[in-house]
Amino acid sequence: MAKIVIMNHPLIRHKIGIIRRKETGSRDFRQMISEVAMLMCYEATRNLKVVDVSIETPICQMTAKELEGKKLAVVPILRAGLGMVDGMLTMIPAAKVGHIGLYRNEDTLEPVEYYCKLPKDCAEREVFVVDPMLATGGSASAAITMLKEKGVRKLRFMCIIAAPEGVERMKADHPDVDLYIGAMDERLNENGYIVPGLGDAGDRIFGTK
Ligand code: PRP
Ligand code: URA
């Protein structure tokens, strides 16, 4: 069974509080999403393997550590996942970036795929799928399925706000995928929005409503 990690760092909690406020405008919203992603990335990479390397400091030879393989990729789910990419790359600048385009049909709440472009060697990489919202879990589950169909085996999913329904869906569909969650909310409302949530993440990031 995979890990489910809910962040309890005070900086993450504070910044998520700002993101949730309805008066927070797009500029600050984007900034906070990016900063939360950066802090969450620190937690989500905690158990990456390191190996010994022999280096020379200006003083002497020593055995230092470096990331094993260095093969990471970040895959945002469009659109809202794009808001988390800069923060992730601040922490892991050598990561490659793939994109998966999915939107929720507003009536059925089912994800509709419209784009997929991944690094060529994605199957050899440890992949971090990012999306600020895990609501019904339909989009995240579909994105992970798409990646598994391309041969990706090492997968983690990161979201800023999750509903219990989405977590249950991910546990059922992808019990092998670790989940990193900024804040766990109460429920979904009748329109499939997370309560209390933050509203529509894509619209708030891109100012489209
Ligand atoms: C939002 C969000 C997730 C999805 C979550 O995207 O960014 O991708 O909804 O809902 P689910 O867990 O019920 O699938 P949306 O479909 O609104 O598209 P957008 O990012 O282009 O606005
Ligand atoms: N997508 C969003 O952007 N917000 C929600 O609350 C649910 C799905």
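Among contacts between residues at least 6 apart in sequence, 64% join residues at least 24 apart in this chain. The structure is a predicted model, and its chain holds six helices and 13 strands. The radius of gyration is 18 Å, close to the 17 Å that the globule rule gives for 209 residues, so the chain is as compact as a globular protein of that length. Along the principal axes, the C-alpha atoms fill a box of roughly 65 × 35 × 30 Å.

**Surface and charge**

Of the 209 residues, 47% count as buried. The accessible surface of the chain amounts to about 11,100 Å², and carbon and sulfur atoms account for 51% of that area. The chain carries 29 positive and 28 negative side chains; the centres of these two sets lie 3 Å apart.

**Helix H5**

Helix H5 spans residues 164–173, and its buried residues are Gly166, Val167 and Met170. They cover an arc of only 100 degrees around the axis, which puts them on the same side of H5. An α-helix has 3.6 residues a turn, so residues three or four places apart point the same way. The buried residues of H5 pack against one other helix, H4 (138–149), and against strands S1 (4–6), S9 (133–134), S10 (154–162) and S11 (178–184).

**Val74 in strand S4**

Strand S4 comprises residues 72–78 and includes Val74. With a relative accessible area of 0%, Val74 is buried, because the cut-off for that class is under 20%. Leaving aside neighbours within four places in sequence, Val74 is in contact with Met88, Ile92, Ala95, Lys96, Val97, Gly98, Phe128 and Val130.

**Backbone features in loops**

| Peptide bond | Omega |
|---|---|
| Leu78 to Arg79 | near -5 degrees |
| Val195 to Pro196 | near 0 degrees |

Arg79 is found in the loop between S4 and helix H3 (85–91). Pro196 lies in the loop between strand S13 (194–195) and helix H6 (201–206). A further backbone feature concerns Leu109, which has a positive phi of about 65 degrees although it is not a glycine. Leu109 is placed in the loop between strand S6 (99–104) and strand S7 (111–117).

Terms used. Residues are numbered from 1 along each chain as its sequence is written. Chains are lettered from A and ligands numbered from 1 in the order in which they are written. This is a predicted model: local features need pLDDT of at least 70, side-chain atom pairs count only at pLDDT 80 or more; totals for chains, interfaces and linings use all residues. Side-chain values use heavy atoms; hydrogens and water are left out. Helices (H or I, at least four residues) and strands (E, at least two) are DSSP runs, numbered from the N terminus. The radius of gyration is taken over C-alpha atoms; the globule rule is 2.2 Å times the number of residues to the power 0.38. Buried means under 20% relative accessible area, exposed over 50%, partly exposed in between (1.4 Å probe, protein chains only). Contact means heavy atoms within 4.5 Å. Accessible areas come from the Shrake-Rupley method with a 1.4 Å probe; for residues, only the protein chains shown count as cover. Lys and Arg count as positive and Asp and Glu as negative; His and the chain ends are not counted. The place of a charge is taken as NZ of Lys, CZ of Arg, CG of Asp or CD of Glu. The arc is that of the directions from the helix axis to the C-beta atoms.
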